Amino acid sequence: MQLIRGFYNLPNHSVLTNGCVLSIGNFDGVHLGHQQILARLVNKSIELGLPSVVMLFEPQPREFFAKKVDDLTACNVPARLMRLRDKLKYLEKSGIDFVLCVRFSERFAKLTAEEFIQDLLVKQLKVRYLSVGDDFRFGAKRSGDYHTLQEAGKTFDFTVEESHTHSFEQDRISSSLIRELLQKDKLALVEKLLGKPYSIAGRVAHGNKLGRTIGFPTANIMLNRLVVPIHGVYAVQVETKTGVFQGIANVGNRPTINGTKPLLEVHIFDFNQSIYGEAIEVSFVKKLRDEVKFSNFEALKQQIEKDKQQAVEFFEGFADA
C-alpha cells in the first residue's frame, strides 16, 4: 500500500492514470464493518483491473470545524478511536493499494459539490467505481449527497454503490457505537466489533518519573487527540518489540498532580527494560476503576497496589477460562 498526501501528489503515481475504484470515509477504528467495505472494494478492484483507493481527511472534517469556531467546541467532536498512523497500518492489512490523505483546509471546505466531483473525482482520480455511505455529505455547506453522486455517475460514467450497513447481532457496526460502548466500559463487545481488543499505540516518552518514586515506574504515551475515547484505570496487555506483557494503565489527566493534558501511563508487570523512544501498543482488556484525585502520594500508592492485585487476579482467571 502507498500513501499519497494530497491531490498534488497524484501525478507521481502513473498507475492511477487509467482510473481507480474508490471509497471515501473516516474509517476510524477500521472495525468489522469497515473491513467488509474494504473487502468489497478490493474485490471490485480485481474485477475491473483497477487500483483500489481509500480517500480520507486530516484533520477529520468535524475536528476542523470545531477548531475553526472555538476550541471549547472540541467537546462535541467525536473521540478518535485511532491515530492516522494506526489507521494506515490496518488499511494496509485490508489489501488496499493506495490511501489518499487529503488535508481538510479552509480552501478544501469551500469547494462546491460540482468542483469536488468534476475536478477531484473525475478529472484527477478518474473514478470508475465509488463506494460511500448513504449519509455521506460533501462540498461547501454540505450541499452534495449520495443522490448527487448517483446523478454525476450517470453523466461521467462511474458506478456509485452504497457502503452497506453491517451488523453484529442487533447492532449496526459503526465507530459511533464503538465510542459509546467504550464509554460504558463494554470492552468485550468492543473487541467483537473491532475484531481485536481496543488499543492505543505510540512511542514511549519521558515523563516526570513520579511513578518510580512510589515503586510503580510507567511507560508514558502522549495522547495527541482533541478527545480521548476512554478514561480511567485498566488491566492491559502491552506489546513491545521483545514480547507481550501484562500491566495496568491509567488514561487521563492525572488529577493528583494537577495534570492538564491527557496521558496514557502504563505500569508493566515484571519489566525492567528501558524502552524510551520505542513504539508499543497497549490493549485494554478490563476497566478497573475511574480516575480519581488522591490527597497524597501514599494514598495513590496504596490504590495502585490494589489495582495491580485486581489486574493480576483478572489475568489469572482469564488464563484459566
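Student: Which residue in β12 is the bridge partner of Val 233?
Tutor: Asn 250 is the partner of Val 233 there. Two strands count as paired if DSSP finds at least two bridges between them. This is a predicted model, so local features need pLDDT of at least 70, side-chain atom pairs count only at pLDDT 80 or more, and totals for chains, interfaces and linings use all residues. Residues are numbered from 1 along each chain as its sequence is written, and side-chain values use heavy atoms, without hydrogens and water.

Student: How many bridges link β11 and β12?
Tutor: Nine bridges, in the antiparallel sense. Strand β11 covers residues 232-240, and strand β12 covers residues 243-252. Strands are DSSP runs of E with at least two residues, numbered from the N terminus.

Student: OK, zoom out. What's the strand order in the open sheet?
Tutor: The order is β9-β14-β11-β12-β13-β10. That makes six strands, with antiparallel pairing.

Student: And which are the edge strands?
Tutor: β9 (199-203) and β10 (219-222) are the edges. Each of these two pairs on one side only.

Student: Which residue in β14 stands opposite Ile 200?
Tutor: Val 282 is the one facing Ile 200.

Student: Different topic. Is β9 mostly covered or uncovered?
Tutor: β9 is mostly covered. Of its five residues, four are buried, meaning under 20% relative accessible area with a 1.4 Å probe, protein chains only.

Definitions and conventions. Buried < 20%, exposed > 50% of the residue type's maximum accessible area, 1.4 Å probe, protein only.
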